[in-house]
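Dear colleague,

I am passing this structure on to you, and below it you will find notes on what came out of the analysis. Please look through it before reading on.

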Amino acid sequence: MNRSKNLNCLTYETHQKWMSRAIELAQTAGEAGEVPVGAVIIDPNGNLLAEAENRKERDKDPTAHAEILALRTAGKALQDWHLNQCTLYVTLEPCPMCAGAIVQARLGLLVYGADDPKTGAVRTVANIPDSPCSNHRLSVIAGILESTCRQQLQSWFKQKRL
């Protein structure tokens, strides 16, 4: 099947299903003291390929963002770093590092929940995927279960500031 056919077959219900799983992963991260961000990658047939949550604190690794960990797992599962027929669901708009990794992976579709007004590098603060320096154009859907994703982050940060 060609890439665009697979990506266009994804329904709003499918997006909600996988974003809900990413939200569950984010909850686990938050409970472990991590910024609550979760990521899920599905293959072209809509099957789970990889999932991850933020692990920077636990792994003592500045690159252990949910998106990076999920991309690594997906590449290993496929035995290929080209993820051009895959879809990544993540609860928060990717940062510059993650947006760059997503472009490098040639991801087919990015679906994210909440915009990140501080470091969002897909649409909010910067636009790495559409930058002239990017060698891959990325399809993006923003705002899936946005209020739930935003509330999860706001609640976590509010608790940390008490």
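The largest pocket has a volume of about 600 Å³, where a pocket is an open set of points on a 1 Å grid over the protein atoms alone, at which a 1.4 Å probe fits, with protein on both sides within 12 Å along at least five of seven lines, and where the volume is the space filled by probe spheres set on the points. Its lining (residues with an atom within 4 Å of a point) comprises 24 residues, of which Val35, Leu92, Asp116, Leu153 and Phe157 are the closest to the centre. Helix H6 (146-160) and helix H3 (56-59) each give two or more residues to this lining, and H6 gives the most, with four.

The model is predicted, so local features need pLDDT of at least 70 and side-chain atom pairs count only at pLDDT 80 or more, while totals for chains, interfaces and linings use all residues. Residues are numbered from 1 along each chain as its sequence is written, and side-chain values use heavy atoms, with hydrogens and water left out.

Turning to the sheet, five strands form an open sheet in the order E2-E1-E3-E4-E5, with mixed pairing; strands are DSSP runs of E of at least two residues, helices runs of H or I of at least four, and two strands pair if DSSP finds at least two bridges between them. Strands E2 (48-53) and E5 (139-142) stand at the edges with a single partner strand each, so one side of each has no neighbour in the sheet. Strands E1 (residues 38-42) and E3 (residues 87-92) pair in the antiparallel sense over four bridges, and alanine 39 has valine 90 in E3 as its bridge partner.

Best regards
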